[in-house]
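The sequence and structure come first.

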Amino acid sequence: MSIDSPGPQVGADEWVARQAHRREYLPSWLGRAQRAGERIGWWPRLALAGLAAVVLPSLGLGGFQLQVGIDAMVIALLAVGLNIVVGWAGLLDLGYVAFFGFGAYGFALLSSNQLGASGIHLPAYLSLPIVMIAAALLGLAVGLPSRRLIGDYLAIVTLFFGEAFVEFTNNVAPSKLGGPNGITGIDPIRGFTWEITSNYGYYYLLVIVLVVTMAVLRLVEYSRTGRAWRAVREDPLAAASMTIPVNRVKLAAFAAGAVVAALAGTIYAAQQASVFPTDFDTPVLILIYAGLILGGAGSIAGACVGALVVMVIYDGLLRSPTEAGYLFYGLILLTLLAKLRPWRRLAAVLAATVALGFAAHTIAQAISASAVAGGPRSGGWIADALRDWVIVPANAQTAGNWGFVVLVCMLIALVQVGSRWRTILLPPTLCLASFVWETTLVVQPSVTRQLMIGAILIVMMNARPQGLLGQRRVEALT
Amino acid sequence: MSFFFQELVNGITTGALYSLVALGFSMVYGVLKLLNFAHGDLYMVGAYIGFFIIQFFGGAAHVGIPVPLLLAIMFVVAAGLVGGLGVAMERFAYRPLRDAPRIAPLITAIGISFFLESAALLLFGAQYRVYNTAEFISLSSGIRIGSVTIDSVQIMVLVLGLLLMTGLQLLVNRTKLGKQTRAVAADREAAEMLGINVNFVITATFFLGSALAGIAGVMGGLLFNTVTSTIGFIAGLKAFTAAVVGGIGSIPGAMLGGLVIGVAESFVTGYISSTYTNLIVFGLLIVVMLVRPSGLLGQVQLQKV
């Protein structure tokens, strides 16, 4: 909800036309860039993105950044696959991560010492197709309930399928599946005479796989099947009366999604050289969903970009306090710049925030020196800039916890109240947010990242359900 | 045979707990047609609130006030706070999405669940919090029938659970609010046209359902002793199973489903192996969904397209 949205002028044709235009293009220079991007076709764009990804490691990425890139692309591949089921076919599959796990465990069993006397060590050109075909069959089996169950009921069954997978790998046949200890010592991806052992190799492999998958899916998107998926999503009854075999189309979506997930699983297992049941639990599922929702369900590029952004933030930036600090304050500033209009109001809010912070700091210091003894925990120049502005007590844990609770309450209040009160409430909220960040959030990055994922899902669904790159769907109300 | 009855008693006690959580779940589904995945996390919040109230009154070993009073405070405060949390959740996250595509509130619910879980981790830390129930309630002062023991906490859970369920049943069937709730559940738009304050009914439903989850959280803390930020997820799944097995949206169904799940779990643990408990319970759910999607007591609904 934009702060200064003019509100729909009901019945005005001109408004409808402008709305369609607005839906298509972002405002200002972003829209111009979008139009320029549209002039070149989809495959040069994809090729350019792939080329950029290939060049990226030679710009001096360290081992850690490379690992982040690999993880991000695995999740991106999963998000692109999930997009088939959720974005196109409109089937809420909450057990999707089990296919990822199935692929990883399948590859692990076929290329380690787990099965048989001396183990099975198939080369990749045999094991990958076997795993993917098996995943397609499993996808068909899991998709079968979708013939009868719609909407929520399908979500329930698939959710429990995912949970059952984790329980299964944890408890059944520990000598083969390893139980909670998982399977270790998995072979790398091996062909005729070559094998991929370095992280650079897996990085390039993932770039190729991701680009090829996206290109194939782009072709599928406008094929008969792709159009049928979207038709079934919009209205199964109408689709059926247009002679689309609804059930078969749904099953195809499940199978296609499962194949992509299994492919991601095999690469993941080979790269990690080990698999554990917890790698395929609900948090990973939520991560994939966060990527898909952020980018926009229904758009291949959206799913990929969203997942990459989520993973780079989650895995990369939110580990060091300095980078996390840049991200946090940068995001707040960007949101304010984008959402607060006119500029006078923006200037007033910013000035009030700065003044309030300094005033509070001075008062707190006057009352007790230990109330400001902590100093900011973010690193870099942000810490220096904030030293006299944000209050950080010497013993920050309890104060930070209370601050967090109050902050959540204030954010809820901020959404509920009218425009005038929102302007008044903003400066104290911003000061409090900075306080909570410096005292609590930046200290516990592992928790902060999870909070962020949850917040992305809630906020995106309420503010921009079509995601960053997706197209808004106009739903006929029934 | 005494083993059988002992397992049955344990199962019914756990089942009563699941029923309470499942009730709120089912009520919310009834009025909003929303699977509130965050419901299990309300149970977790309730359990934490109970723990901190024990700490506030001096800790389990030296409780400063009479134990019945302590228990009453725990239940009332947990019900109130968790109920309020449920209402806030509805107001903030679900109300704007009431007319959105069905998938949007579902994903929001997953987000809230994840958010609550990590917020608990942030605020209360990752360590296990222990109620130490045995230090302020003497567990041995229960009923013994032959070789079957029902300890005092189990008695309390059973009695309180029964009272709450009866009360809820009366509320839904005998009061005006209950009638309004049923009307909203049947058809929200028609109810609105008849002058029913739909927003109030939904808020009340969320409050009641969440309060029940909060009470169940305190009971779970007393019964199982340990609290951590992840108990909500598994409790939510069990309650979910209970609600679905009983017939989602149906209040007697949720009660029956909870008992079925509790007893089934107890027997599987007792007679087969505790490693397969969850697997078998989840399998049970999938089978029920496939054979009879409307659950044991649910009505078959024709879905409009």
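The notes below go from the contact between the chains to helix pairs, single helices and single residues.

The structure is a predicted model. Chain A and chain B touch through 44 residues of chain A and 41 residues of chain B. Two helix pairs across this contact are described in detail, α7(A) with α11(B) and α20(A) with α4(B).

**The side of chain A that touches chain B**

- Five helices of chain A each supply at least two residues of this side: α7 (152-171), α11 (236-241), α13 (282-295), α18 (396-416) and α20 (445-463).
- The largest share comes from α7(A), with 12 residues.
- By residue class, this side of chain A holds 29 nonpolar, 9 polar and 6 charged residues.

**α7(A) against α11(B)**

- In general, a pair of packed helices is described by the angle between the axes and the distance between them.
- For α7(A) and helix α11 of chain B (residues 277-291), the packing angle is about 155 degrees and the axes are 9 Å apart.
- Angles over 145 degrees count as roughly antiparallel, and α7(A) and α11(B) are therefore roughly antiparallel to each other.
- The crossing of α7(A) past α11(B) is left-handed.
- On the α7(A) side, the contact is made by A:Y153, A:I156, A:V157, A:F160, A:F161, A:E163, A:A164, A:E167, A:F168 and A:N171.
- On the α11(B) side, the contact is made by B:N278, B:L279, B:F282, B:G283, B:L285, B:I286 and B:M289.
- The residues of this contact divide into 12 nonpolar, 3 polar and 2 charged.

**α20(A) against α4(B)**

- The axes of α20(A) and helix α4 of chain B (residues 103-124) come within 8 Å and cross at roughly 155 degrees.
- That angle makes α20(A) roughly antiparallel to α4(B).
- α20(A) passes α4(B) in a left-handed crossing.
- From α20(A), the residues in contact are A:V447, A:Q450, A:L451, A:I453, A:G454, A:A455, A:L457, A:I458, A:M461 and A:N462.
- They meet residues of α4(B), among them B:A104, B:I107, B:T108, B:I110, B:G111, B:F114, B:F115 and B:S118.
- The contact of α20(A) with α4(B) has 16 nonpolar residues, 6 polar and no charged.

- Helix α5 (residues 152-174) and helix α8 (residues 198-224) of chain B have axes that come within 10 Å and cross at roughly 170 degrees.
- α5(B) and α8(B) are therefore roughly antiparallel to each other.
- B:V153, B:V157 and B:L164 of α5(B) meet B:L212, B:I215, B:M219, B:L222 and B:L223 of α8(B).
- The residues of this contact comprise 8 nonpolar, no polar and no charged.
- B:L212 lies in helix α8 of chain B and counts as buried, because it has 30 C-beta neighbours inside 10 Å.
- Leaving out residues up to four places away in sequence, B:L212 touches B:L20, B:L23, B:G24 and B:L164.
- B:L212 and B:G59 are 153 residues apart in sequence, and their C-alpha atoms are 25 Å apart in space.

**Two helices of chain A, open and covered**

- Helix α2 of chain A (residues 28-39) has 12 residues and reaches 17 Å from its first C-alpha to its last, close to the 16 Å expected at 1.5 Å a residue.
- α14(A) is mostly covered, with 13 of its 17 residues buried.

- Most residues other than glycine have a negative phi.
- A:A173 is not a glycine, yet it has a positive phi of about 45 degrees.
- A:A173 sits in the loop between α7 and α8 (174-177) of chain A, and it counts as exposed because it has 11 C-beta neighbours inside 10 Å.
- B:N225 is likewise not a glycine and has a positive phi of about 75 degrees.
- B:N225 is in the loop between α8 and β4 (226-227) of chain B, and it is partly exposed, with 16 other C-beta atoms within 10 Å.

Terms used:
Residues are numbered from 1 along each chain as its sequence is written. Chains are lettered from A and ligands numbered from 1 in the order in which they are written. This is a predicted model: local features need pLDDT of at least 70, side-chain atom pairs count only at pLDDT 80 or more; totals for chains, interfaces and linings use all residues. Two residues are in contact if their C-beta atoms, placed from the backbone, lie within 7 Å. Helices (H or I, at least four residues) and strands (E, at least two) are DSSP runs, numbered from the N terminus. Ala, Val, Leu, Ile, Met, Phe, Trp, Tyr, Cys and Pro count as nonpolar, Asp, Glu, Lys and Arg as charged, and the others, Gly among them, as polar. Axes are lines fitted to C-alpha atoms, for helices over the stretch in contact, and angles run from 0 to 180 degrees between N-to-C directions. Angles under 35 degrees count as roughly parallel, over 145 as roughly antiparallel, 65 to 115 as roughly perpendicular and the rest as oblique. A crossing is left-handed if the near helix is turned anticlockwise from the far one by less than a right angle, and right-handed if clockwise. The expected span of a helix is 1.5 Å times one less than its number of residues. A residue is buried if 20 or more other C-beta atoms lie within 10 Å of its own, exposed if 12 or fewer, and partly exposed in between; C-beta atoms are placed from the backbone.
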